[in-house]
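This briefing covers charge pairing, pockets, surface features and backbone geometry in one protein structure. The sequence and model are shown first, and the findings follow by topic.

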Amino acid sequence: MLLEEFESERNAVINPERVVEPIENFPEVTISCFSWKLFDAVLATFPDAKQIGELHSSTGLIPVYEVEYKGKRFALFHSFVGEPICVGNYEELMAMGSKRLIILGTCGVLDKSIESCGIIIPTKAIRDEGTSYHYAPPSDTIEVNTKYIPEFKEVLKECGYPYVEGITWTTDAIYRETRERVNRRKEQGAICVEMECAGMQAVCDFRGTEFFQFFYAADNLDHSSWQPRSLAGEVQLDEKTKIMFLAFELGVKILETEVL
């Protein structure tokens with residue numbers, strides 16, 4: 001079976017260090033999100049942001065910025081949707097010098113009681129995709145967010161945000177989320193579905209870097225017909241922007257308690 005061919009060998013034919021150069025004094029914490037409109041809204045709040053690098057691909061350039069929040073330095077970049085490119089881009093960010101990633105994801109809910117833009121903390125990901133199998137031995141699930149959940153819950157409490165936590169379903173095929181498969185994933189305990197979490201945790205584990213992801217709830221699959229709700233980038237953008245700054249709050253807490 002192809003998905004059982006995991007290799008622990010670190011050296012590949014093409015390594016990210018051959019593609020990018022290290023960036024001196026790269027910020028200790030990197031923050032990202034997937035929505036272009038959300039990213040642009042957040043970047044606009046940092047008038048002194050400076051570009052420190054960029055990722056190159058045939059789909060375009062991704063600038064990497066340095067921003068300052070509450071006196072702390074952060075790297076900030078926009079992640080592309082879809083696990084292979086998301087993982088590949090972060091491979092290059094790690095080669096540049098990124099050590100910790102906090103990423104705000106968008107997800108569909110498999111539990112209609114989770115409100116639009118409600119915050120979800122994943123604790124495990126169902127590996128219904130392919131990229132993670134190149135970074136971790138085969139298994140149905142992978143433990144995610146093994147660090148920083150207590151700290152993030154403190155941030156949510158301090159900022160007055162409710163949340164739910166549970167299993168996420170990571171899949172490559174958004175147009176193959178059949179009703180039968182949705183019900184099967186719900187039986188496995190999944191409360192939401194997205195496209196990147198399993199692979200991002202796997203690559204960070206493989207490379208020995210730290211990873212934390214949380215979601216805001218967007219569309220609803222727990223209904224007789226699909227409900228887009230806040231999936232479009234411009235819908236509830238102000239609320240999404242506030243949620244994005246929870247990532248910076250967590251980053252500040254990490255920097256104040258761990259990084260000397």
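**Structural briefing**

Asp222 is buried, having a relative accessible area of 15%. The residue sits in the loop between strand 10 and helix 6. The model discussed here is a predicted one.

- In space, the C-alpha atoms of Asp222 and Arg179 are 9.4 Å apart, while 43 residues separate the two in sequence.

**Salt bridges**

- Side chains of opposite charge can pair when their charged atoms come close.
- Across the whole structure, 16 salt bridges are found.
- One of them joins the side chains of Lys70 and Glu249, with an N to O distance of 2.7 Å. Lys70 belongs to the loop between strand 3 (60-69) and strand 4 (72-78), and Glu249 to helix 6 (residues 237-257), so this pair ties together parts that are 179 residues apart in sequence.
- Asp128 and Arg185 form another salt bridge, in which the closest N and O atoms are 3.2 Å apart. Since Asp128 is part of strand 6 (residues 119-128) and Arg185 part of helix 4 (residues 179-187), the contact ties together parts that are 57 residues apart in sequence.
- Within this pair, Asp128 is partly exposed at 25% relative accessibility, and Arg185 is buried at 11%.
- Arg184 and Glu180 also meet through their side chains in a salt bridge, at 3.3 Å from N to O. Both residues are in helix 4, four residues apart, and are therefore separated by about one helical turn.
- Arg184 is partly exposed at 33% relative accessibility, while Glu180 is exposed at 56%.
- A network of salt bridges links Glu28, Lys99, Arg100, Lys147 and Glu210.

**Pockets**

- Rolling a probe the size of a water molecule over the atoms shows where empty space is left.
- The volume of the largest pocket is about 730 Å³.
- Its lining consists of 26 residues, and those nearest the centre of the largest pocket are Ile174, Met195, Asp219, Trp226 and Leu231.
- At least two lining residues of the largest pocket come from each of strand 5 (100-109), helix 4, strand 9 (190-194) and strand 10 (210-220).
- The lining of the largest pocket comprises 13 nonpolar, eight polar and five charged residues.
- The second largest pocket holds about 520 Å³ of space. It is lined by 20 residues, with Ala12, Glu91, His134, Tyr135 and Arg207 closest to its centre.
- Helix 2 (83-96) and helix 5 (197-207) are the elements that contribute two or more residues to the lining of the second largest pocket.
- By class, the lining of the second largest pocket has ten nonpolar, three polar and seven charged residues.

**Surface patch**

- Val13, Ile14 and Val19 make up a nonpolar patch on the surface, and together they have about 360 Å² of accessible area.
- Ile14 is located in the segment before strand 1 (30-33) and is exposed, at 66% relative accessibility.

**An exposed loop residue**

- At 54% relative accessibility, Val81 is exposed.
- A C-alpha separation of 9.3 Å is found between Val81 and Gly105, which are 24 residues apart along the chain.

**Backbone geometry**

- Most residues other than glycine have a negative phi.
- Asn145 is not a glycine, yet has a positive phi of about 55°. Asn145 lies in the loop between strand 7 (141-143) and helix 3 (149-159) and is buried, with a relative accessibility of 3%.
- Arg229, also a residue other than glycine, has a positive phi near 45°. Arg229 is in the loop between strand 10 and helix 6 and is partly exposed, at 28% relative accessible area.

How values were computed
Residues are numbered from 1 along each chain as its sequence is written. This is a predicted model: local features need pLDDT of at least 70, side-chain atom pairs count only at pLDDT 80 or more; totals for chains, interfaces and linings use all residues. Side-chain values use heavy atoms; hydrogens and water are left out. A salt bridge is a side-chain nitrogen of Lys or Arg within 4 Å of a carboxyl oxygen of Asp or Glu. Buried means under 20% relative accessible area, exposed over 50%, partly exposed in between (1.4 Å probe, protein chains only). On a 1 Å grid over the protein atoms alone, a cavity is a set of points where a 1.4 Å probe fits but cannot get out, and a pocket is an open set with protein on both sides within 12 Å along at least five of seven lines; lining residues have an atom within 4 Å of a point. Grid points are joined across faces, edges and corners, and a volume is the space filled by probe spheres set on the points. Ala, Val, Leu, Ile, Met, Phe, Trp, Tyr, Cys and Pro count as nonpolar, Asp, Glu, Lys and Arg as charged, and the others, Gly among them, as polar. Patches are made of residues with over 30% relative accessible area and no salt bridge: like charges are joined within 9 Å, nonpolar side chains (Val, Leu, Ile, Met, Phe, Trp, Tyr) within 5 Å. Accessible areas come from the Shrake-Rupley method with a 1.4 Å probe; for residues, only the protein chains shown count as cover.
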